[in-house]
Amino acid sequence: MSDDPVERVERAMVAIRRGQTRRALGRLHSQRSGADVDVDPTLMGVLDAVEELGGGCGVGDIAAALGIDQPRASRLVARAVERDLLVRNADQRDGRRTPVALTATAQRLLARAHRFRREVFAEAMDGWSDADRAAFARLLGDFVASYARITGQQR
């Protein structure tokens, strides 16, 4: 591997994307817990997006956050509603709009997912100094914000 920092970041991002695509965390959770993954990983992405966007987001907001088209987002939201992960609400100001919100079931799943992810990330940084962890968190956050700004993605 090259010593060029930009090339090293590019290779690292490819590896992270590949791991996300292969649902590495979900498989690891299944292996460690001995249980099947509770929710389709695609629906977990929807729940993550709704949580990040906050209450009252619509299908269009979710589509933009996930980088998918609105019909696909609509199907995913419908599946999440069927599985009692999202609830559709009425918008009192705009009757055409149907915002969604997380159910208590989804909130519990997300809390468990956050705990597990954080455990894995802490394990990946095992042996790092507190200063290195803090620097990595700051730099990664800055990188993600800059990348989102450049690519026009919501954050």
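This is a predicted model: local features need pLDDT of at least 70, side-chain atom pairs count only at pLDDT 80 or more; totals for chains, interfaces and linings use all residues.
Trainee: Where is Thr103 found?

Mentor: Residues are numbered from 1 along each chain as its sequence is written, and side-chain values use heavy atoms, with hydrogens and water left out. Helices and strands are DSSP runs numbered from the N terminus (helices: H or I, at least four residues; strands: E, at least two). Thr103 turns up in the loop between strand S2 (100-102) and H6.

Trainee: Does Thr103 count as buried or exposed?

Mentor: Let's check the cut-offs: buried means under 20% relative accessible area, exposed over 50%, and partly exposed in between (1.4 Å probe, protein chains only). Thr103 has 10% relative accessibility, so Thr103 counts as buried.

Trainee: Which residues does Thr103 touch, not counting those up to four places away in sequence?

Mentor: Contact just means heavy atoms within 4.5 Å. With residues up to four places away in sequence set aside, Thr103 touches Asp84, Leu85, Leu86 and Val87.

Trainee: Which residue has a positive phi although it is not a glycine?

Mentor: Most residues other than glycine have a negative phi. Look in the loop between H5 and strand S1 (86-88), where you'll find Asp84. At 43% relative accessibility, this residue counts as partly exposed. The phi there is positive, about 60 degrees, and the residue is Asp84.

Trainee: What is the relative accessibility of Val77?

Mentor: Find Val77 in helix H5 (residues 70-82). Leaving aside neighbours within four places in sequence, Val77 is in contact with Val59, Ile62, Leu86, Arg88 and Val100. Val77 counts as buried because its relative accessibility is 0%.

Trainee: How far is the C-alpha atom of Val77 from that of Leu43?

Mentor: Along the chain, Val77 and Leu43 are 34 residues apart.

Trainee: How are H3 and H4 placed relative to each other?

Mentor: Axes are lines fitted to C-alpha atoms, for helices over the stretch in contact, and angles run from 0 to 180 degrees between N-to-C directions. The axes of H3 and helix H4 (residues 59-66) come within 10 Å and cross at roughly 110 degrees. Under 35 degrees counts as roughly parallel, over 145 as roughly antiparallel, 65 to 115 as roughly perpendicular and the rest as oblique. H3 and H4 are therefore roughly perpendicular.

Trainee: How many nonpolar residues does the contact of H3 with H5 have?

Mentor: The axes of H3 and H5 come within 10 Å and cross at roughly 95 degrees. Thr42, Leu43 and Val46 of H3 make this contact with Arg72, Leu76, Arg79 and Ala80 of H5. For the classes, Ala, Val, Leu, Ile, Met, Phe, Trp, Tyr, Cys and Pro count as nonpolar, Asp, Glu, Lys and Arg as charged, and the others, Gly among them, as polar. That leaves one polar and two charged residues, and the nonpolar ones number four.

Trainee: And how many charged residues are there where H3 meets H6?

Mentor: Helix H3 (residues 41-53) and helix H6 (residues 104-124) pack at about 95 degrees, with axes 11 Å apart. From H3 come Met44, Leu47, Asp48 and Glu51, which meet Ala106, Leu109, Leu110, Ala113, His114 and Arg117 in H6. By class, six are nonpolar and one is polar, while the charged ones number three.

Trainee: How many aromatic pairs does the structure hold?

Mentor: Rings of Phe, Tyr and Trp (its six-membered ring) pair if their centres lie within 6.5 Å; planes under 30 degrees apart count as stacked, over 60 as edge-to-face and the rest as tilted. The number of pairs here is two.

Trainee: What kind of pair do Trp128 and Phe136 make?

Mentor: Trp128 is partly exposed at 35% relative accessibility, and Phe136 is partly exposed too, at 39%. Their ring centres are 5.4 Å apart and their planes stand at 85 degrees, so the pair is edge-to-face.

Trainee: What about Phe143 and Tyr147, what kind of pair are they?

Mentor: These two are four residues apart in helix H7 (residues 130-151), so about one helical turn separates them. With centres 6.1 Å apart and planes at 15 degrees, the pair is stacked.
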